[in-house]
Amino acid sequence: MNNFTYSIPTKIHFGKGQIKHLNELKENGNKVLLVYGSGSIKRAGIYDQALEILKDNQIKVFELSGVEPNPRIETVRKGVQICKDNQIDMVLAIGGGSTIDCSKVIAAASLYEQDAWDLVIHPEKIKGALPVYVVLTLSATGSEMDPFAVISDLTLNEKLGTRAPCLNPTMSILDPTYTFSVPAKQTSAGVADMMSHTLENYFNNVSGSEMQAGFSESILRCCIKYGPIALKEPDNYDARASLMWCSSFAINGTIKCGCEVKWCIHPMEHELSAFYDITHGQGLAILTPVWMEYVLNEKTASRFAQMARNVFMIQELDDLKAAQKGIQALKQFFFDTMKLPKTLREVGICEKDNFEIMAKKAASKCAGSFVPLTQKDIVEIFNRAF
Ligand code: NZQ
Ligand code: ZN
């Protein structure tokens, strides 16, 4: 295990009724920018609940609505303008990963003189941010408890992640009942996303991190148990609660401590979204098994076999055979049980014209991953996923 520093500064209030903790915003001022998407928070009644608590605490609310799935830099800029014009004290995101990520970059760019896109392409320029508060409504990205934000400029076909310790939310409210209304498509994409985060961390080359590996296997088993229940019974509290906590821990740093992890499937998926604006979790579900089959060989088999035995309970002594059965079981879970799309064509990517340029960009971002991938390898993975 390598050396590491571990700090998760986000305070979590987990469970039913925890929205009452929005009163804590007053510790940071009395003007908030409320950021949300296309209106699901209004339909679910969360918007009204939040406004009432903010009003009771004499907090003045400014609003930015319409954050897109795969949030755009243009929307970030609108939020920054509101913050700068009104001396906003803090940002409150109510929604899923897109709303939270948009809020994080608004919070940082509000304290930055130049254009917000600079902070996406140059994370080292982020020197501070307004406090970010979150009410989570979709279990998937883990943005509620991590320092990352992913923003797109579709005019440039760019979707890029930025990061800074000050982007960690100050406080996040995780009420599983707020995810009862998440539709099946987003529920399954969310499960694929949190499983992908876990797997990206799990497949590393550092020995001696058994606690982290065991924790990852537990997250994966939990997703496999509760994902299908959440699809069948959207208001099953235990299923939604378990998925919510899995989504936070898949990416909050715990399972990658000391593991020197470099992700490779996310950079490939971000290119798919940058060029074709697809749903993040669906892209990951398509690419992950293809990547697994592509990199599986005698040398890599033991980690795949460990996944097969400890996550899918496959009883097979030979590592290579166990690994193959494990990948098969993952495919069955994604495509048969969770009804996720299997191919790029199923999500509307019907031509291969951009594969070379997408692969070139992805290859530059995944150097040092579990198995090194070249541009040629990634083109082949896209082709097999087609
Ligand atoms: O627009 P609204 O009304 O919010 O509706 C959303 C949206 O249409 C809807 N939704 C959310 N909560 C709901 C709900 N519908 C009904 N009931 C609810 N309770 O779901 C749709 C998708 O929302 P979105 O926020 O886009 O989904 P997700 O949470 O999956 O976020 C995806 C974005 O996060 C990035 C992805 O790349 C993508 O841009 N990621 C962020 C990461 C991070 N910050 O750490 C890491 C991830 O790997 C990922 O890259
Ligand atoms: Zn992800």
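The shell around ligand 1 holds ten nonpolar, 21 polar and three charged residues. Here Ala, Val, Leu, Ile, Met, Phe, Trp, Tyr, Cys and Pro count as nonpolar, Asp, Glu, Lys and Arg as charged, and the others, Gly among them, as polar. This is a predicted model, in which local features need pLDDT of at least 70, side-chain atom pairs count only at pLDDT 80 or more, and totals for chains, interfaces and linings use all residues. Residues are numbered from 1 along each chain as its sequence is written, while chains are lettered from A and ligands numbered from 1 in the order in which they are written.

Start at the ligand. Ligand 1 is surrounded by 34 residues (C-beta atom, placed from the backbone, within 6 Å). Gly37, Ser40, Pro69, Gly96 and Gly97 are the closest. Two or more residues come from each of helix 4 (97–109), strand 6 (148–153), helix 6 (184–202) and helix 10 (280–295). Helices (H or I, at least four residues) and strands (E, at least two) are DSSP runs, numbered from the N terminus. Helix 4 gives the most, four residues. Ligand 1 lies between domain 1 (11–178) and domain 2 (184–385), because both give residues to its shell. The domain bounds come from an automatic or database domain assignment.

Now follow helix 10 to helix 12 (residues 319–337). Their packing angle is about 170°, and their axes are 10 Å apart. Helix 10 and helix 12 are therefore roughly antiparallel (over 145 degrees). Axes are lines fitted to C-alpha atoms, for helices over the stretch in contact, and angles run from 0 to 180 degrees between N-to-C directions. The contact residues divide into six nonpolar, no polar and two charged.

Notes. Angles under 35 degrees count as roughly parallel, over 145 as roughly antiparallel, 65 to 115 as roughly perpendicular and the rest as oblique.
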